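Dear colleague,

Please find the structure below for your study. My notes on it follow directly after.

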Amino acid sequence: MDSNRAEPVKVNSDLAIQTFNLTRIFNGLVAVDGLDLNIKKGELFALLGPNGAGKTTTINMLCCLLKPTGGTATIMGYDINQHPFKVKEVIGVSPQETVISERLNCWENLALIGRIHGMKARELRIRSQQLLEKMGLGDRAKDQVRKFSGGMKRRLNIMMALIHNPEVLFLDEPTLGLDPQARRAIWEYIAWLKREKTILLTTHYMDEADFLADRIGIMDKGKIVALGTSVELKISMLEKHTMIVYAWNLTQRVINEIRSKYDEVEVTDGTMIITDKHLDFKEIVDLLHASGAVVRSAYIKEPTLDDVFLHITGKELRE
Amino acid sequence: MRFLDLANRNFKETYRDPLALGFLLAFPLLFMFIMGVVVGGEATPNFPIGVIDNDHTQVSQAFVDEALAEVPALEVSTYEDAATALKDLKFGDLKAYIVIPDGFGQQVTQNWQGDEADITLQMTYDESDIMISEQIISIINTVTRAFARIEIPVTINATPIHIETEITYIDFIGPGIIVFGILILIPTSARIMVRDKEKGFLARLLTTPTKPVEFILGYSLCLVVIAIAQIIIFMVGAWLLGTDIVGSLWLAFLIFFLAGLSSIGIGMVVASLTKSENQAEPLCWLFSMPLAILSGCWFSIEMLPSYIRGVAYAFPYAHAIDASRGVLIRGVGLEALGTDFLFLIGWAVVIFAIGVILFRRSMRS
């Protein structure tokens with residue numbers, strides 16, 4: 001492994017983020033293992049993986065919080081090792097933990113980050129107003145944020161990453177620990193940002209990556225194990241399809257008949273799961289009806305990113 | 001100016017936190033109040049003491065009738081012989097008794113004429129009551145020196161005195177409690193800094209173009225403002241509770257301020273070496289409470305063994321108490337504070353430098 005490459009390979013101007021064999025080792029434990037990643041300008045890229053896969057370590061290196069032990073990366077053409085302060089000027093970071101100043105109100109929190117980035121008062125006021133409206137915190141803007149709900153705090157957390165209008169946005173687990181409704185709301189805001197910014201998002205929720213990302217990198221044990229759009233990943237990775245049938249009066253005879261036609265058939269308490277490369281939906285339902293079973297529901301299960309992850313790593317993408 | 005924005009934020013985080021604010025300001029004031037009301041202040045302590053005049057001169061007579069009898073804190077009774085006085089001391093009717101030895105009048109007269117002469121008084125006191133005996137010693141000492149118009153020590157205290165002063169307990173305890181308040185600045189400083197580290201706020205701001213030195217300036221500025229506010233409030237509090245302020249207020253303020261800088265520096269060192277509030281706070285208390293006792297915040301440390309006093313004087317707080325007592329109660333000037341003052345400056349500079357270096361280092365990963 002070439003871990004001491006100081007000179008970045010030639011920088012592609014279409015790319016917002018490029019990593020070159022990016023590596024971080026903590027006391028002998030390889031957290032990020034020779035990552036090579038290209039993220040285009042305006043792209044929303046999701047790093048999907050279980051806890052401990054190396055997603056946050058990757059983000060921390062890209063936003064210059066953590067020095068790589070090997071390799072390097074460029075953000076908008078600036079090398080993270082050589083020009084960290086240039087990098088810090090063009091990025092906005094929403095950390096995994098909600099990090100806000102609890103006894104300041106929304107305006108003050110936004111103003112702190114804005115002023116640190118050298119924003120003028122007028123510009124700051126207009127942009128804060130705009131963000132507060134868009135993110136639905138306009139009514140509570142003057143309240144100390146320690147009184148806010150988890151979802152409101154996370155929205156402010158993201159706004160603080162956005163206030164200075166950065167070109168590249170890092171969102172580390174933006175909806176961690178939120179209820180489904182609050183997550184939906186944040187997804188909408190993130191979707192609203194698409195195309196305007198280059199966004200690198202980490203998540204261990206497959207539906208989040210599925211819903212938001214242009215491209216997904218599935219990460220496990222410090223490496224990208226699969227890369228592509230959601231559809232590409234599902235199609236390329238899954239050769240087999242699964243059909244799930246809920247039915248009454250299943251007889252052993254019809255179960256055996258279906259078993260003789262398809263690779264895997266599992267039956268538990270009126271639920272039948274059939275897996276094979278090719279499934280004939282009509283044939284299966286007809287066979288069941290002919291045998292006297294009452295089919296309550298039957299459907300072909302769409303492959304999920306969870307299935308993709310399971311297929312590649314042999315384990316489930318659990319929270 | 002990023003550090004001004006940071007300082008502003010740090011300041012808001014503190015003054016909008018009633019608990020932290022109460023702890024910083026109300027806690028020492030409460031102490032001052034309790035000490036003032038219970039032991040001193042308006043209810044000036046009334047110590048029954050006995051006097052045995054073995055000198056039998058006009059001077060010694062005047063010392064008993066005019067000097068000692070005028071001290072509000074003392075209730076003087078004369079005795080013919082030490083044995084009777086000792087009996088009353090044992091029964092608790094007296095807190096102490098003084099024997100004016102033969103030759104006292106001559107020694108005092110010699111001093112009045114400009115020749116320095118040692119003055120000796122014998123005092124016997126109830127050892128079990130350290131606080132009270134300490135005060136009596138201090139009062140007798142002061143009164144005697146005022147009477148003999150000398151600046152050389154009568155018994156143990158080596159600093160010059162302001163002759164007109166009536167030293168009450170609150171006079172004595174005021175500067176100590178102010179320094180106690182300044183010692184509380186150690187956990188406060190550490191908490192303000194380590195909390196940002198623990199909650200990831202520092203890390204978040206490190207993803208912005210903020211330089212490490214700007215963080216340090218931001219914290220220091222906020223803490224210095226807090227220290228100044230604290231000192232002013234304590235000084236006003238001490239004055240309201242009856243501390244007579246004889247010397248220069250500015251000089252006293254400067255002494256407290258230098259001690260405050262040391263506290264901020266120590267807080268910064270603790271914040272650099274710890275990862276969370278839960279680690280930093282106990283460490284600070286473990287350090288500052290014993291130091292408050294050893295430095296003499298609540299009682300004089302003159303009777304402590306010399307090696308313990310040595311420990312106390314290795315830190316700036318005992319110096320700050322000595323120096324501020326000298327200024328506030330006895331009205332001494334800068335020239336008389338020499339070593340204490342240099343020590344305070346030295347400590348503030350060195351600990352602040354160490355704090356900055358360590359905190360900078362702790363920000364890198």
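Two strands pair if DSSP finds at least two bridges between them; strands (E, at least two residues) and helices (H or I, at least four residues) are DSSP runs, numbered from the N terminus. This is a predicted model, in which local features need pLDDT of at least 70 and side-chain atom pairs count only at pLDDT 80 or more, while totals for chains, interfaces and linings use all residues. Residues are numbered from 1 along each chain as its sequence is written, and chains are lettered from A and ligands numbered from 1 in the order in which they are written.

In chain A, an open sheet is formed by 4 strands in the order β2-β1-β4-β5, with antiparallel pairing. β2 (29-40) and β5 (78-79) of chain A stand at the edges with a single partner strand each, so one side of each has no neighbour in the sheet. Strands β1 (residues 15-26) and β4 (residues 70-75) of chain A are joined by 5 bridges; A:F20 has A:T72 in β4(A) as its bridge partner.

Helix α1 (residues 55-62) of chain A packs on this sheet and touches β1, β2 and β4 of chain A. Contact requires C-beta atoms, placed from the backbone, within 7 Å. Of the 8 residues of α1(A), 8 are buried, so the helix is largely enclosed by the rest of the structure. Buried residues have 20 or more other C-beta atoms within 10 Å of their own, the atoms again being placed from the backbone. After α1(A) comes A:C64, with a positive phi near 65 degrees.

Between the chains, 18 residues of chain B are in contact with 23 residues of chain A. On the chain B side, α1(B) gives the most, with 5 residues.

Yours sincerely

Technical notes: Two residues are in contact if their C-beta atoms, placed from the backbone, lie within 7 Å. Axes are lines fitted to C-alpha atoms, for helices over the stretch in contact, and angles run from 0 to 180 degrees between N-to-C directions. A residue is buried if 20 or more other C-beta atoms lie within 10 Å of its own, exposed if 12 or fewer, and partly exposed in between; C-beta atoms are placed from the backbone.
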